[in-house]
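Thanks for coming. I have one structure to go through this morning, and I will take it piece by piece.

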Amino acid sequence: MTDSVRLEDRVVIVTGAGGGLGRAHALLFAQHGAKVLVNDLGGSTHGEGASASAADRVVAQIRDAGGTAVANHDSVTDGQRIVEQALDEFGRVDVLVNNAGILRDKTFHKMEDADWGQVYQVHVEGAYKLTRAAWPHLREQNFGRVIFTSSTSGIYGNFGQANYGMAKLGLYGLTRTLALEGRKHGILVNAIAPTGGTRMTEGLIPPQVFEQLKPELISPLVVYLGSAQCEDTGQLFEVGGGWIGKTRWERSLGVGFDPQAGFSVEDVAANWAQIGDFEGALHPRDSLEALGQMMANLQKVRQ
Ligand SMILES: NC(=O)c1ccc[n+]([C@@H]2O[C@H](COP(=O)([O-])OP(=O)(O)OC[C@H]3O[C@@H](n4cnc5c(N)ncnc54)[C@H](O)[C@@H]3O)[C@@H](O)[C@H]2O)c1
């Protein structure tokens, strides 16, 4: 039997928490005792407009249930202001859930700079600004939990989402390096790739399935990743519909050519099947481990 996961005295910032997944995360963090800063700009899925009501409603719901929360209506691209408000209101910040997001779906052929740029701004720049502003505080207190919201669109690709997929896999890249830099300071950094029935996915998922993909089925993982109990870092989880799995890179054993004698285009062609053969594949955990086979290939020549 596991101890109950409590977050009393922890201050959690959830961005984009006025609706959808972020709202469910904020409510569950509050239920587990955390003080929650509920951020939401309150614009459309396409990133247009703004309204204070979304975040305010979630704060009212948390307070009605006896929890502690304040609203923030800044854009995540002004992440510094969000962190400042958490410090002003609660005196500290412990957990960041980078969740705010928009979509500007178009095939690459039709994509305009604004579609590319706005998606980058909200997902990547916004997550950077918030996390960068909180980082010194997390380091100083030797405790932090950072959760980035990635997507299967980034991991696997999705038609019409070149901008979004780029941003979402970029966040996993950020996760991997911040996990390395944060570890010795007690800061653990993980990413989730959720699937949930929200306004973002309405119309894209068949209605019966949409109903079942409740945002609340994602939040227990997020609260766990935000808790002191969680000891994992640099990991990526796919989650939705009550299911959670872990995703990792896989690489084939590959083919080692003679690095001194060199090799030809024809050698590449002749070995193509083996280069892509995943039999006995490896799962490098870091860059050093990833270089292992390359270094072994160089070693073969020296011997
Ligand atoms: N729903 C899914 O199946 C799914 C799949 C993969 C990834 N995601 C990601 O999960 C996150 C939450 O998405 P959702 O499905 O709940 O969508 P949603 O549209 O319901 O929620 C996103 C929230 O972010 C807010 N927001 C947008 N731009 C903002 C900004 N600049 N500053 C502050 N707040 C801003 C919106 O107002 C909205 O409330 C997003 O990052 C999304 O890309 C969702």
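**Notes on the model**

R248 sits in the loop that runs between β8 (243–247) and α9 (265–270). Before I go on, please keep in mind that this is a predicted model. R248 counts as exposed, because it has 9 C-beta neighbours inside 10 Å, and the cut-off for exposed is 12 or fewer. Q235 is 13 residues away from R248 in sequence, and the C-alpha to C-alpha distance between the two is 7.8 Å.

Now the domains. The protein chain is split into domain 1, residues 11–247, and domain 2, residues 249–303. Their C-alpha centres are 37 Å apart.

Next, the core. How many residues are in the largest nonpolar core? There are 70, and the ones touching the most other members are V12, I13, A26, F29, V36 and V38. Helix α6, residues 162–182, contributes the largest share of this core, eight residues. As background, nonpolar side chains in soluble globular proteins tend to be buried together.

Take I13 from that list. If we leave aside neighbours within four places in sequence, I13 is in contact with L37, N39, I82, A86, V93, L96, V97 and L130.

On to the ligand. There are 33 residues around the ligand, and G16, G20, A100, G101 and T198 come nearest. By class, that shell has 22 polar residues, nine nonpolar and two charged. Which helix gives the most to the shell? That is α1, with three residues. Both α1 (20–31) and α4 (113–140) supply at least two shell residues each.

Last, two backbone points. Most residues other than glycine have a negative phi. D9 is not a glycine, yet its phi is positive, about 70°. D9 is in the segment before β1 (11–14). Is D9 buried or exposed? D9 is exposed, since 11 other C-beta atoms lie within 10 Å.

N142 is the other one: again not a glycine, with a positive phi of about 55°. Where is N142? It lies in the loop between α4 and β5 (144–149). N142 is exposed because 10 other C-beta atoms lie within 10 Å.

That is what I had. Questions are welcome.

Key
Residues numbered from 1 in each chain as written. Predicted model: local features only at pLDDT ≥ 70, side-chain atom pairs only at ≥ 80, totals over all residues. Core = buried A, V, L, I, M, F, W, Y, C linked by C-beta atoms within 7 Å. Buried ≥ 20, exposed ≤ 12 C-beta atoms within 10 Å, placed from the backbone. Helix = DSSP H or I, 4+ residues; strand = E, 2+ residues; numbered from the N terminus. Contact = placed C-beta atoms within 7 Å. Near = placed C-beta within 6 Å. Nonpolar A, V, L, I, M, F, W, Y, C, P; charged D, E, K, R; others polar. Domains from an automatic or database assignment.
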